[in-house]
Amino acid sequence: MSYQEKPSLKECVDAVCEAVLAHEGVGHLEGGNSGRFPWGSGENPYQHQPHALVTFDEKMKKAGLTERQIIDAWNGEHVDDKSLQFTTTEYRTALSVYKSRYKQQLQKSAKYLHDVEHRGPTEIARMLGLPNESSARSLLEEQHQANVNKADATAEILKKRLEETGGYLMVGKGVEHELGITKNKLDNALFILEQDGYPHYDRRIDQVTNKSGKTTIRLLCPPGTEYKDLYKPDALSKMN
């Protein structure tokens, strides 16, 4: 593929990712993910191509569509697969997560071009279709990489806590402050875990000080948990 032909950003990233895979192996590109659907496995369509949703969204926005129209268009293209249908909130969360995933691909591509092919920031920007040299430098900065990976790191922390409890983990209001992250990052982490088979549900429980009142709590659950399981006799004792 000739770069003079002005390939799309997706084509550029895909080409460099193939080189990364050939040089470092699948594990390098996957970034150490140990979820149920590893990157590139083909089991999960989003994890296989995190840029699919991002490029779709960008294309629709350039066409002048509103967010509601974009979501309707996406759902219309995936009408035969309910697992790919989004509400507005789900779409926003998915888009945020996969923008981060896409940026991770760009980072690994930039790192490969810099460390292995010894390309400079200007050339990296040109090859990856980035706006300018500073965009390439930003991709190569460790702190920038840490920010992009925060949702993944949060997902791993929550997964570990869940496994330690042996039951259900409360992940509702206030947890983001305890973890030192934003609510958006928490939502992204829960979305990532859901893709890896760890569902979360909202359940109403009696208030301690007001027996006639109810409080809604959000629970992260082990793989295979169904909503009805949260109402079994021993469920309350498993909530941590």
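What share of the 240 residues in the protein chain is buried? In this predicted model, buried residues make up 38% of the chain. The fold consists of 12 helices and 3 strands.

**Overall architecture**

- Of the contacts between residues at least 6 apart in sequence, 58% join residues at least 24 apart.
- The protein chain exposes about 13,400 Å², and carbon and sulfur atoms supply 50% of this area.

**Aromatic pairs and cluster**

- A pair of aromatic rings is described by the distance of the centres and the angle of the planes.
- Searching the whole structure gives 6 aromatic pairs.
- One of these pairs is formed by Tyr98 and Phe191, whose ring centres are 5.8 Å apart; their planes stand at 80 degrees, so the arrangement is edge-to-face.
- This pair links distant parts of the chain, since Tyr98 belongs to helix α6 (residues 88-115) and Phe191 to helix α12 (residues 183-195), 93 residues apart.
- Both Tyr98 and Phe191 are buried.
- Tyr227 and Tyr231 also pair edge-to-face, because their planes meet at 65 degrees, an angle over the 60 degrees that this class requires; their ring centres are 5.5 Å apart.
- Tyr227 has a relative accessibility of 39% and therefore counts as partly exposed.
- Tyr231, at 42% relative accessibility, is likewise partly exposed.
- A single aromatic cluster is formed by Phe56, Trp74, Phe86 and Tyr91.

- In the loop between α6 and α7 lies His118.
- The backbone of His118 has a positive phi of about 55 degrees, although this residue is not a glycine.
- His118 has a relative accessible area of 64%, which is over the 50% cut-off, so the residue counts as exposed.
- Helix α7 spans residues 121-128, and its buried residues are Pro121, Ile124, Ala125, Met127 and Leu128.
- An α-helix has 3.6 residues a turn, so residues three or four places apart point the same way.
- Just after α7 comes Gly129, which takes a positive phi of about 70 degrees.

Methods: Residues numbered from 1 in each chain as written. Predicted model: local features only at pLDDT ≥ 70, side-chain atom pairs only at ≥ 80, totals over all residues. Heavy atoms only, no water. Phe/Tyr/Trp six-rings, centres within 6.5 Å; stacked < 30°, edge-to-face > 60°. Helix = DSSP H or I, 4+ residues; strand = E, 2+ residues; numbered from the N terminus. Buried < 20%, exposed > 50% of the residue type's maximum accessible area, 1.4 Å probe, protein only. Contact = heavy atoms within 4.5 Å. Areas by Shrake-Rupley, 256 points an atom, 1.4 Å probe, with all protein chains shown as cover.
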